[in-house]
Amino acid sequence: GADEKFDFAALDAFSLPACARFAEEVAASKRPVDMLVMTQGMATFQGYTPTPTEKGGLDEKLTLHYFSRILLARKLAPLLSQSSDGRVLTVLSAGVHGPHAGYATDFDLRGNYSLKKAADASGFYTDIGFEALSAEHPSVAVAHAAPGIVATSWGTELPGAVRALVRVLQGALGRSHEDCGEFMFRALYNDKLGGGGFHLLDEFGEATGQRTALHDVARESVWKDTQAILAKYM
């Protein structure tokens with residue numbers, strides 16, 4: 001409507017300190033927060049690439065796909081808990097990724113990195129971390145969704161030949177970003193998510209129970225290591 005007001009702010013999601021400051025500024029504004037939606041990501045063939053030490057020193061992909069998101073959500077969760085219907089949606093790979101078997105010995109992938117391990121670890125940690133967040137703030141509904149194939153500019157950092165193939169696949173099999181957004185927000189507003197809890201959602205915003213085989217076994221270790229990394233920013 002004509003009376004609606006929108007504020008935009010730049011955020012370097014490669015930087016965990018910047019994410020922490022952003023959340024603190026939102027909290028200091030005293031404005032209510034009812035929903036938090038996170039989609040930041042990247043697609044490259046690069047190997048292990050840590051961010052600068054002052055930004056956290058963790059792998060870029062893990063930082064964008066998991067650590068920045070769980071940090072923002074955890075910092076803003078107290079505000080979301082004050083809402084009558086607080087909700088969090090992180091869009092990544094629910095029900096699609098595999099487990100990261102090296103979670104206990106190579107949590108941050110410094111020792112043995114691969115593209116598959118980076119993808120699996122991000123989704124695997126997201127399942128566990130955001131489930132733990134929902135347990136800490138039981139009145140907040142927390143969801144991890146997989147968007148499916150979407151016809152966007154995803155993969156701009158990929159080599160030209162690979163990027164061209166991606167565009168062909170997106171054109172043939174992908175949905176528009178408007179349709180994807182509609183499915184994601186339809187899920188976000190779904191009454192079934194009301195009242196809290198952790199939810200895994202498919203590309204249509206429908207519930208999927210597809211946790212990985214190691215989910216329960218790894219839960220304590222992954223959350224403990226996550227908390228250790230986030231501690232300096234809380």
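User: Which helix is serine 68 found in?

Analyst: Helices (H or I, at least four residues) and strands (E, at least two) are DSSP runs, numbered from the N terminus. Serine 68 is in helix 2. This is a predicted model, with residues numbered from 1 along each chain as its sequence is written. Local features need pLDDT of at least 70, side-chain atom pairs count only at pLDDT 80 or more, totals for chains, interfaces and linings use all residues, and side-chain values use heavy atoms, with hydrogens and water left out.

User: Is serine 68 buried or exposed?

Analyst: Buried means under 20% relative accessible area, exposed over 50%, and partly exposed in between (1.4 Å probe, protein chains only). Serine 68 counts as buried because its relative accessibility is 0%.

User: What does the side chain of serine 68 make a polar contact with?

Analyst: A polar contact is a pair of N or O atoms within 3.5 Å; within protein, one must be able to donate a hydrogen and the other to accept it, and residues adjacent in sequence count only if both atoms are side-chain atoms. Here the partner is the side chain of glutamine 40, at 2.9 Å. Leaving aside neighbours within four places in sequence, serine 68 is in contact with Ala13, Leu16, Cys19, Gln40 and Thr63.

User: How many residues does helix 2 have, and what span is expected?

Analyst: The expected span of a helix is 1.5 Å times one less than its number of residues. Helix 2 has 23 residues and reaches 32 Å from its first C-alpha to its last, close to the expected 33 Å. At its start, a side-chain oxygen of aspartate 59 comes to within 3.2 Å of the backbone nitrogen of lysine 61.

User: Where does the kink in helix 2 lie?

Analyst: The bend at a residue is the angle between axes fitted to the seven residues ending there and the seven starting there. In helix 2 a kink of about 50° lies at leucine 76, shortly before proline 78.

User: How many residues are in the largest nonpolar core?

Analyst: A nonpolar core is a set of buried Ala, Val, Leu, Ile, Met, Phe, Trp, Tyr and Cys residues joined through side-chain atoms within 4.5 Å. The largest one has 43 residues, and Phe67, Val88, Tyr125, Phe130 and Val222 have the most contacts inside it. Helix 2 gives the largest share of this core, 11 residues. Not counting residues up to four places away in sequence, valine 88 touches residues including Leu36, Ala73, Phe130 and Val142.

User: Which residue meets glutamate 24 in a salt bridge?

Analyst: Side chains of opposite charge can pair when their charged atoms come close. A salt bridge is a side-chain nitrogen of Lys or Arg within 4 Å of a carboxyl oxygen of Asp or Glu. By this rule there are 11 salt bridges. Glutamate 24 pairs with lysine 75 (2.7 Å, N to O). This pair links distant parts of the chain, with glutamate 24 in helix 1 and lysine 75 in helix 2, 51 residues apart. Glutamate 24 is partly exposed at 40% relative accessibility, whereas lysine 75 is buried at 16%.

Terms used
Contact = heavy atoms within 4.5 Å.
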